[in-house]
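Welcome! Here is a short briefing to read alongside the sequence and the 3D view.

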Amino acid sequence: MATRGDVDAIHAKALELGGTDEGAPGIRGDDPDGFYGAYFRDLDGNKLTVFRFGPP
């Protein structure tokens, strides 16, 4: 994604549309400018991730 805000928005929209939370948006790992991601399952049960590498 282009921004961390985009990650947050996609995750929120997925939950709004009936997906299930599999990991709230946040930094993963030790680098605050590294991987920022969120996980959810769609209505078919597929686990998806949206992410951003790099600073906000």
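F35, F51 and F53 are joined into a cluster by ring pairs. This is a predicted model, and three aromatic pairs are counted in it.

**The aromatic cluster**
- The ring centres of F35 and F51 are 5.5 Å apart and the planes meet at 20 degrees, so this pair is stacked.
- F35 belongs to strand β2 (residues 35-41) and F51 to strand β3 (residues 47-53), so their pairing ties together parts that are 16 residues apart in sequence.
- F35 also pairs with F53: here the centres are 5.2 Å apart and the planes are at 65 degrees, so the pair is edge-to-face.
- With F35 in strand β2 and F53 in strand β3, this pair ties together parts that are 18 residues apart in sequence.

- F35 is buried, with a relative accessible area of 19%.
- F51 is partly exposed at 36%, while F53 is exposed at 57%.

**A charge over a ring**
- K47 places its charged end over the ring of Y39, 5.5 Å from the ring's centre.

**A look at R4**
- You will find R4 in helix α1 (residues 4-16).
- R4 is buried but has no salt bridge; the nearest side chain of opposite charge belongs to D33, 4.4 Å away, and a salt bridge has to be within 4 Å.
- Setting aside neighbours within four places in sequence, R4 is in contact with several residues, including I27, P32, D33, Y36 and R52.

Key. Residues numbered from 1 in each chain as written. Predicted model: local features only at pLDDT ≥ 70, side-chain atom pairs only at ≥ 80, totals over all residues. Heavy atoms only, no water. Helix = DSSP H or I, 4+ residues; strand = E, 2+ residues; numbered from the N terminus. Buried < 20%, exposed > 50% of the residue type's maximum accessible area, 1.4 Å probe, protein only. Lys, Arg positive; Asp, Glu negative; His and termini not counted. Contact = heavy atoms within 4.5 Å. Phe/Tyr/Trp six-rings, centres within 6.5 Å; stacked < 30°, edge-to-face > 60°. Lys NZ or Arg CZ within 6 Å of the ring centre and 35° of its normal.
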